[in-house]
Number of protein chains: 2
Amino acid sequence: MYTIGQVSEMFRIPVSTLRYYDREGLFPDMRRSSGIRIFTDRELEQLRVIDCLKKSGLEIRAIRQFMEWCSQGKSTYAQRQALFLKQKETVEAEIARLERTLDMIRFKCWYYEQAIADGNEERVSEMLPDKLPPEIQTLYDRAHQE
Amino acid sequence: MYTIGQVSEMFRIPVSTLRYYDREGLFPDMRRSSGIRIFTDRELEQLRVIDCLKKSGLEIRAIRQFMEWCSQGKSTYAQRQALFLKQKETVEAEIARLERTLDMIRFKCWYYEQAIADGNEERVSEMLPDKLPPEIQTLYDRAHQE
DNA sequence: TTAATACCTGAACCTGACTTCAGGTCAATA
DNA sequence: TATTGACCTGAAGTCAGGTTCAGGTATTAA
């Protein structure tokens, strides 16, 4: 069992944020001892899930919904599973998106490397849009396909 | 050459957002014809870069900085290159983070699959934290490390 | 000629996710 | 006993990134 200050240190989350999460209903079953919040292993696991769902792009409202489902027991297994299946898609799509972002970034890294070596952008910009070295062309095309 | 409305359609970005970007200085060299914005291929490419930098986690202020560097010419090649090198790290780190998020999500997908099959969480929660099937254990451990 | 459409502006408004503030309780230490 | 430190609250404030609004211009279509 932990106090809010200990949890704040362990997870490196400000105390104010933990209180905010509580206020927003993200710890629906948290106990208190004369007003003071008691974080148990259950709340620590909930915090990991909050973190996961937040990173997966869910907003606080939706996370509260999920936590409510959790405290409603068996009857909500299907909803909870559906949520994770959906977030799996979402995160996979987000990773794919970032890979394309990375293609553009890698192209730009190459571009400035050339420009710096040449002292100007003449040569390199004349290779656009389809006379780039094969590897770079691939990056460029992936970054510029709609 | 395109009007704001055409660009809005092409990139599926609201007109209000394009005007907001302009107001924030993200198109430092955009021309106008009697008050009306003229988007050329240069602005379209800038828009792709804005998109890329936004997805890579940069805020508008920093993107404006970058665009200013661009219109300052050769003297800023090094800064621009450094920016892309940094964003490369950032995005690679973000992808790695999302992969760990995905581990947690995959674990939860499995968890609810079991719970639904069993009709309760008894069996599956008794496997925690280290008696899970090997593949699942890996996901769980990665999601719970730290 | 009038009406619709696409553009323009500055200013105000909105949303999500926190953070800060002012004021209060309580337990332990100096 | 008094002060320190960790906790508490509700309400207000902040910030980024847009969006909406009210009012105006310019071009084309009926």
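Hi everyone. Let's start with overall shape: chain A has a radius of gyration of 24 Å, whereas a compact globule of 146 residues would have one near 15 Å. That radius is taken over C-alpha atoms, and the globule rule is 2.2 Å times the number of residues to the power 0.38. Along the principal axes, the C-alpha atoms of chain A fill a box of roughly 70 × 35 × 20 Å.

Before going on, a word on the source. This is a predicted model, where local features need pLDDT of at least 70, side-chain atom pairs count only at pLDDT 80 or more, and totals for chains, interfaces and linings use all residues. Residues are numbered from 1 along each chain as its sequence is written, while chains are lettered from A and ligands numbered from 1 in the order in which they are written.

Now, what is chain A built from? It has seven helices and two strands, in the order α-α-β-β-α-α-α-α-α along the sequence. These are DSSP runs numbered from the N terminus, with helices being H or I of at least four residues and strands being E of at least two. Chain A is divided into domain 1 (1-71) and domain 2 (88-146), with bounds from an automatic or database domain assignment. The C-alpha centres of these two domains of chain A are 41 Å apart.

Buried residues account for 23% of the 146 in chain A. Here, buried means 20 or more other C-beta atoms within 10 Å of a residue's own, exposed means 12 or fewer, and partly exposed is in between, with C-beta atoms placed from the backbone.

On to the pairing. How do chains A and B relate? A rotation of 180 degrees, with 0.0 Å of shift along its axis, superposes chain A on chain B with an RMSD of 0.1 Å. That is the relation of a two-fold axis. Within chain A, Ile95(A) comes closest to the rotation axis, its C-alpha being 3.0 Å away.

At the interface, 31 residues of chain A are in contact with 31 residues of chain B; contact means C-beta atoms, placed from the backbone, within 7 Å. On the chain A side, α3 (41-55) and α5 each supply at least two residues, and α5(A) gives the most, with 24. By class, that side has 15 nonpolar, six polar and 10 charged residues. For the classes, Ala, Val, Leu, Ile, Met, Phe, Trp, Tyr, Cys and Pro count as nonpolar, Asp, Glu, Lys and Arg as charged, and the others, Gly among them, as polar. The copies meet through the same surface, because 100% of the interface residues of chain A are also interface residues in chain B.

Let me zoom in on one residue. Leu102(A) is in helix α5 (residues 77-118) of chain A. Is Leu102(A) buried or exposed? Leu102(A) counts as buried because it has 22 C-beta neighbours inside 10 Å. Beyond its neighbours within four places in sequence, Leu102(A) is in contact with Lys88(B) and Val91(B).

Finally, the DNA. Sixteen residues surround DNA strand D, the closest being Thr3(A), Gly5(A), Arg37(A), Ser16(B) and Glu59(B); near means a C-beta atom, placed from the backbone, within 6 Å of the strand. α2(B) gives the most to this surface, with three residues. By class, the surface near DNA strand D has six nonpolar, six polar and four charged residues. Thanks, everyone!

Terms used
Contact = placed C-beta atoms within 7 Å. Least-squares fit on C-alpha atoms with pLDDT ≥ 70 in both.
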